[in-house]
Amino acid sequence: MTFNPRISIAIPIYNEEAVVPELVRRTGAVLDSLPGGPHEIVFVNDGSTDGTLELLELAAERDARIVVVELSRNFGHQTALAAALDQVSADVVVLMDGDLQDPPEAIPTLIEHYRQGYDVVYAQRVKRKERWWLRTCYYVFYRLLATLSSIELPLDAGDFGLMSRRVIDEIRRMPEHHRYLRGLRTWVGFRQIGVPIERAARHAGKTKYSPLKLLKLASDGIFAFSIVPLRAAAILGAVAIACSFLYALYSAFAKFWLHSPQGFTAIIFVTTFLSGVNLFFLGIIGEYVGRIYEEAKARPHFVVRRVISQRVASAVSRIAVAIRG
């Protein structure tokens, strides 16, 4: 491993104007303390509608290490991370969220483990500051996904972490649209290690992950790394057939030997139960089919409107001078 690697910090941003000044200050201070370089910070503006972009442009004018990638609209958090990975140029990349719940001050710890020979160093979130019900949902989800997944996914590990250049190159080769980056990171392999890092409270503003978006992210993780739901449909179908057969035998016995009339309630119960099971698993199959449909269209994951940095500006100036000359 490179002893003093060049470092890119990749940060997706969406409507975080209250956080951007402190985020720029703290990440810049961390890069100032790290040897090697030149380092960089790649911000991906994911269609912000407040003053986030203007603040990022001002930061890029003041600091040559800052690159701002402006997407044409809001494509979503995981897609914005993919856009950041397409722009980074350093030996190692640190992914982190833009709300300062991922502390930039933990980056030197990640770098130290990289120097020990690890290609992936991910943060395992401890002492989360969210509400108790949200912490409970996260706890259950990570363990459910680890149980269902075909690969061994780490528990309580978010996107915050470090990846070497060869891991980044492998992830960039993956064409799938419904991305669950922390799962792709594990799938690539190489040497990986988790580091316990306290999950800070949001610095300012409100979370951009609504319950519906969290549910979508969870479904992306489950459907991208597990076919257990399909197998469960087959197993439950077999159990339902067996139960129906046994109930048919009981009904025949009751009619001809016990001479007892059959109840309307039992018929309604069995019909609604089997219909509900059928529709539920048709929905699961539909999820897989829908994802196949999305992949078959082969649309680009995102559209970049422009890239803002002093390096790009100087390159454009040199080209303009050469054309005039």
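Predicted model: local features only at pLDDT ≥ 70, side-chain atom pairs only at ≥ 80, totals over all residues.

The lining of the second largest cavity divides into four nonpolar residues, one polar and four charged, where Ala, Val, Leu, Ile, Met, Phe, Trp, Tyr, Cys and Pro count as nonpolar, Asp, Glu, Lys and Arg as charged, and the others, Gly among them, as polar. Residues are numbered from 1 along each chain as its sequence is written, and side-chain values use heavy atoms, with hydrogens and water left out.

**Second largest cavity**
- The lining residues are Q101, D102, P103, A123, R125, F160, I197, E198 and R199, each having an atom within 4 Å of a point in a set, on a 1 Å grid over the protein atoms alone, where a 1.4 Å probe fits but cannot get out.
- Two or more lining residues come from each of β5 (120-126) and β7 (192-198), strands being DSSP runs (E, at least two residues) numbered from the N terminus.

**Residue D159**
- D159 lies in strand β6 (residues 157-164) and counts as buried (under 20% relative accessible area, 1.4 Å probe, protein chains only) because its relative accessibility is 4%.
- Leaving aside residues up to four places away in sequence, D159 touches H77, Q78, L81, L95, R125, L181, R182 and R185, a contact being heavy atoms within 4.5 Å.

**Confidence**
- The mean pLDDT of the protein is 77, and 74% of its residues reach 70 or more.

Key. pLDDT = per-residue confidence, 0-100. 1 Å grid on protein atoms, 1.4 Å probe; cavity = no way out; pocket = protein on both sides within 12 Å on 5 of 7 lines; lining within 4 Å. Helix = DSSP H or I, 4+ residues; strand = E, 2+ residues; numbered from the N terminus. Buried < 20%, exposed > 50% of the residue type's maximum accessible area, 1.4 Å probe, protein only.
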